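Please read the following report alongside the sequence and the model. It goes from single residues to strands and then to the core.

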Amino acid sequence: MQFEVWAPRADRVTLECGGDSHPMDRDPERAGWWTGHAEAADGTRYGFALDGGPVRPDPRSRRQPDGPDGPSAVVDHSRHTWRAPWPGRPLQGAVLYELHVGTFTREGTLDAAAERLGHLAELGVSHVELMPLCPFPGRHGWGYEGVSLWAVHEPYGGPGALKRFVDRAHGLGLGVVLDVVHNHLGPSGNYLPEFGPYFTDTHHTPWGSAVNLDAPGSDEVRAFLLGSALAWLRDYRLDGLRLDAVHALADTRAYPFLEELSAAVDALAVAEGRPLFLIAESDLNDPRLITPRPAGGLGLHAQWSDDFHHALHTALTGESQGYYADFARAPLDAVAKTLTGGFFHDGTYSSFRDRHHGRPLDRTRVAAHRLLGYSQTHDQIGNRAQGDRLSASLSPGLLACAATLTLAGPFTPMLFMGEEWAAGTPWQFFTDHTDPDLAEAVRRGRRREFAAHGWAEEDVPDPQDPATRDRSCLDWSEPREEPHARVLAWYRRLIALRGDHPDLTDPDLSDLRVTHDAGARWLAFRRGDLRVAVNLGAAPAAIPLGTRRAEILAAWEPTPTPGADGVLRLPGESGVVLIQP
């Protein structure tokens with residue numbers, strides 16, 4: 001079997017494979033590359049020693065059976081027989097479900113999560129979005145400190161378990177999306193700098209030196225990231241990737257990495273004969289990110305919309321700290337602006353940033369489904385001091401209103417696991433660092449961060465305490481109990497309406513019309529023949545809809561059909577969807 005590694009700074013490279021040492025040769029056709037041969041099969045352990053140093057895992061390792069610091073293992077992808085034929089599912093019309101493998105079930109494995117996929121199929125979502133799966137130190141963590149960007153965290157079950165999960169999902173008609181992190185690697189188990197210039201001091205990020213996308217040697221680094229992304233989509237039959245914090249990718253080259261990646265994924269989709277897509281997390285509010293390449297954009301297929309979340313969150317909770325401040329000045333105005341314009345900050349002044357931010361989105365060129373709308377995510381829950389969900393402070397009625405605006409709104413909806421039944425469990429920040437100094441630094445940093453916002457140290461959960469992770473696991477007995485069962489039924493009804501009424505998946509953002517009354521705390525909007533309304537206030541609201549006959553399709557609280565006066569009398573803390581041809 002041939003092995004190869006890019007190590008441009010090394011004078012000598014040795015392949016350690018199956019207990020034997022094999023000197024490697026420079027590749028005369030590719031600068032910086034070394035090649036060698038050894039007897040190996042699926043599962044064979046191997047690694048590389050540079051200039052007589054310690055054996056390190058393969059930067060392109062497909063498996064790390066003993067963790068990030070151990071040897072790599074050969075993975076023969078041809079050994080897996082795919083059971084479910086899969087034509088793919090496109091992003092337009094989708095409903096995504098963000099899932100963390102380590103807390104979706106108490107067992108915290110891909111196989112255990114696969115056993116619960118029937119729940120998601122019954123819920124009606126179209127795609128599961130898995131939080132990062134790359135190996136990281138210890139057993140439990142969020143996954144954003146991963147290394148070995150081609151491998152699957154072994155405590156989750158390794159590569160075989162991911163294939164079984166994908167097969168099970170596809171058999172139920174569910175697509176699978178994976179969250180990948182290209183903007184940094186974890187501080188523990190990251191040996192890439194020993195192999196080559198994977199990082200550069202030309203730019204700096206919150207994690208230190210930037211991933212090298214534009215400095216000397218960046219051609220191979222970009223090829224490394226591209227190869228990883230395509231391998232997930234090809235070798236594991238994934239349907240899309242979520243790209244973490246692309247605003248932290250420092251790249252000054254004329255051909256941006258993100259544009260190169262989108263072109264490569266589109267080409268793979270043609271070769272595979274099924275739709276594939278990229279979803280960015282971006283803080284830039286720059287529509288060029290999701291504008292098609294022929295129109296001068298970077299060609300990513302969608303991005304998260306934190307502006308929609310922030311507007312909705314302030315309208316529901318009244319919170320106004322930090323980045324919520326601008327939205328909280330007139331929350332329903334902010335919701336209306338994001339529903340119709342995509343971005344709230346579209347060149348406006350941001351007090352949180354102390355500068356103007358964003359640029360307008362052209363609603364005639366950018367389809368609504370290219371923005372993801374959500375009321376909760378792993379970030380927006382887990383980065384709170386106690387990891388409290390909306391269900392910890394809001395009534396079931398207000399949760400139903402949040403679901404109504406998310407699932408009947410113009411954007412591609414995304415749910416965070418457990419949201420659909422108003423889970424009573426928190427989702428807290430937890431780690432399992434094996435380096436005691438790093439563990440203590442994370443613990444102190446977390447408490448120092450929230451002390452600045454008035455939190456007592458003892459009230460901030462210890463990330464390293466196993467109980468912090470255990471508290472964050474979903475309680476699967478809740479969906480059978482009230483009020484959880486009622487909230488779950490509401491989510492199922494709203495998702496079903498999306499499939500029954502094409503107006504709810506119409507990508508034309510310019511056709512949406514919003515009215516609202518900040519004093520009475522109601523908001524309504526039109527999507528084709530459908531009318532959607534929520535009342536965030538405690539008192540009933542009178543909402544004028546026009547005199548054409550309307551029929552109620554779904555209502556959280558019993559709601560009379562509008563009479564001849566065309567006024568909808570919507571109970572407090574309730575949502576409704578009507579058809580009014």
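Tryptophan 150 is buried, with a relative accessible area of 8%. Here buried means under 20% relative accessible area, exposed means over 50%, and partly exposed is in between, with a 1.4 Å probe and protein chains only. This is a predicted model, in which local features need pLDDT of at least 70 and side-chain atom pairs count only at pLDDT 80 or more, while totals for chains, interfaces and linings use all residues. Residues are numbered from 1 along each chain as its sequence is written, and side-chain values use heavy atoms, with hydrogens and water left out.

Tryptophan 150 lies in the loop between strand 10 (127–130) and helix 4 (158–171). Helices (H or I, at least four residues) and strands (E, at least two) are DSSP runs, numbered from the N terminus. Not counting residues up to four places away in sequence, tryptophan 150 touches Pro59, Arg60, Ser61, Arg62, Phe224, Gly227, Ser228, Ala231 and Trp232. Contact means heavy atoms within 4.5 Å. From tryptophan 150 to leucine 258 there are 108 residues in sequence and 18 Å in space, C-alpha to C-alpha.

## Arginine 222

Is arginine 222 buried or exposed? Arginine 222 counts as buried, at 2% relative accessibility. Its place is in helix 6 (residues 218–235). A polar atom of the arginine 222 side chain lies 2.9 Å from the backbone oxygen of leucine 213. The side chain of arginine 222 also makes a polar contact with the side chain of glutamate 260, at 3.0 Å. A polar contact is a pair of N or O atoms within 3.5 Å; within protein, one must be able to donate a hydrogen and the other to accept it, and residues adjacent in sequence count only if both atoms are side-chain atoms. Residues up to four places away in sequence aside, the residues that arginine 222 touches include Asp251, Arg253, Tyr255, Pro256 and Phe257.

Two strands pair if DSSP finds at least two bridges between them. Strand 14 pairs with strand 11 (residues 175–180) in the parallel sense over four bridges, and leucine 178 stands opposite leucine 241. Strand 14 and strand 15 also run parallel and are joined by four bridges. In that pairing, leucine 243 stands opposite alanine 280. Between strand 14 and strand 15 the chain passes through helix 7 (residues 257–272), in a right-handed β-α-β crossover. Right-handed means that, with the strands pointing away from the viewer, the path from the first strand over the helix to the second runs clockwise.

An open sheet of three strands has the order 1-5-4, with antiparallel pairing. Strand 1 (2–6) and strand 4 (25–26) stand at the edges and each has a single partner strand, so one side of each is left without a neighbour in the sheet. Strand 4 and strand 5 (residues 33–37) pair over two bridges, and the bridge partner of arginine 26 is tryptophan 34 in strand 5.

## The largest nonpolar core

A nonpolar core is a set of buried Ala, Val, Leu, Ile, Met, Phe, Trp, Tyr and Cys residues joined through side-chain atoms within 4.5 Å. The largest one has 145 residues, of which Leu130, Trp232 and Leu241 touch the most other members. Helix 6 gives the largest share of this core, nine residues. Leaving aside neighbours within four places in sequence, tryptophan 232 is in contact with residues including Cys134, Leu149, Leu162, Leu178, Val180 and Leu241.

## Backbone features and cysteines

| Residue | Phi | Relative accessible area |
|---|---|---|
| Asparagine 285 | about 50 degrees | 6%, buried |
| Alanine 422 | near 55 degrees | 12%, buried |

Asparagine 285 is in the loop between strand 15 (277–280) and strand 16 (302–304). Alanine 422 is in the loop between strand 20 (412–416) and helix 13 (436–451). A cis peptide bond, with omega about 0 degrees, joins glutamate 482 and proline 483.

How many disulfides are there, if a disulfide is a pair of cysteine sulfur atoms within 2.5 Å? The count comes to zero. Cysteine 134 is buried at 11% relative accessibility, and cysteine 401 is buried at 0%.

How values were computed
Disulfide = S-S within 2.5 Å.
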